[in-house]
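Dear colleague,

I am handing over the structure below, together with some notes on what I found in it. Please read them with the model open beside you.

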Amino acid sequence: MDQHRTLTDQEVAMPDHASTARRFLELHVPGRPLLLPNPWDQGSARLLARLGFEALATTSSGHAATLGRLDGSVTREEALAHAAGIAEATGLPVSADLEHGFADDPAGVAETVRLAVEAGLAGCSVEDATGRQDDPIYDAGLAAERVRAAAGAAHRGPVHLVLTARAENHLHGRPDLADTIARLQAYQDAGADVLYAPGLRRLEDIRRLVASVDRPVNVLAVPGAPPVAELAAAGVARVSVGGAFAFAALGALADAATELREHGTYGFSGRAAAGRDAARSAFAGWVT
């Protein structure tokens, strides 16, 4: 055997990928939440990195909006390519919002996660929402099997992809905290690294969830949710914003465009100047 063979590009890159994923998991410290913003393109990713965030996550709704679509309409191939682009933009750990894994069956979810590893991501999330209005949440048993398959794919190789398992009850008119906790406990047992129940707002519910599991808990920053300091005191390990930053940017665009069209004035220029300065600062060090 040739003892001096040249390493492939994949072999050379693997230690960096593995260390990035490992660093991402290490950033999840209960009581000292990782603030995980959700960029929607490479420019917003670089701006957030310049502002000092230590990791990033994609947003399915924000990504869909960049394509002129609603959430739930992006394909697996589009989502993975988008997430890989975000990861390449900064070098920070990036977790991909992979919706329901783009498959109903566990094998299909595992394949999606395998592709996420190949895309160079540090983590990904898989939710238990079906995407069907008549039956919005997977059966608990099937949902746990889907997470088990995802964890197998995420943890099989030298890269330990950080798998976030999401219980979507509270986003689909099922505010059953006991069921949500039972599901997340099952996902923990199935191998998930991080647990997430988007839509929880009451501090007592969040405390109960944190006390009921042995994995880092992510909380979504939504109107009515406790501020970060209170979440930290409750033992939360991560706070993300979902599509909020993307839609805040679109809201600013709508306001500026409405002002110009309806009033013919340029009050938006001040905000535009601040944005231009932020972009210049963030992008100056990047070579295309």
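**Helix 5 and what follows it**

Gly 120, which comes after helix 5, has a positive phi, near 85°; helices here are DSSP runs of H or I with at least four residues, numbered from the N terminus. This is a predicted model, in which local features need pLDDT of at least 70 and side-chain atom pairs count only at pLDDT 80 or more, while totals for chains, interfaces and linings use all residues. Residues are numbered from 1 along each chain as its sequence is written, and side-chain values use heavy atoms, with hydrogens and water left out.

Helix 5 covers residues 106-118, and its 13 residues should span 18 Å at 1.5 Å a residue, which agrees with the 19 Å between its end C-alpha atoms; the expected span is 1.5 Å times one less than the number of residues. Its buried residues (under 20% relative accessible area, where exposed is over 50% and partly exposed lies in between, with a 1.4 Å probe and protein chains only) are Gly 108, Val 109, Ala 110, Thr 112, Val 113, Ala 116 and Val 117.

**Salt bridges**

With a salt bridge taken as a side-chain nitrogen of Lys or Arg within 4 Å of a carboxyl oxygen of Asp or Glu, the count comes to 13. One of them lies in helix 5, where Arg 114 and Glu 111 are 3 residues apart and therefore separated by about one helical turn, and their closest N and O atoms are 2.6 Å apart. Arg 114 is partly exposed at 32%, and Glu 111 is partly exposed at 29%.

Asp 179 has a salt bridge with Arg 174, at 3.7 Å between the closest N and O atoms, and another with Arg 183, at 3.0 Å from N to O. Salt bridges that share partners join Asp 128, Arg 174, Asp 179 and Arg 183 into one network. Within it, Arg 183 is buried, with a relative accessible area of 6%, whereas Arg 174 is partly exposed at 32%.

**The largest pocket**

The largest pocket holds about 820 Å³ of space, and among its 28 lining residues the closest to its centre are Trp 40, Ala 248, Ala 249, Ala 252 and Gly 275. A pocket is an open set of points on a 1 Å grid over the protein atoms alone, where a 1.4 Å probe fits, with protein on both sides within 12 Å along at least five of seven lines, and lining residues have an atom within 4 Å of a point. Helix 10 gives the most to this lining, with 10 residues.

Kind regards

Definitions and conventions: Helix = DSSP H or I, 4+ residues; strand = E, 2+ residues; numbered from the N terminus. Points joined across faces, edges and corners; volume = space filled by probe spheres on them.
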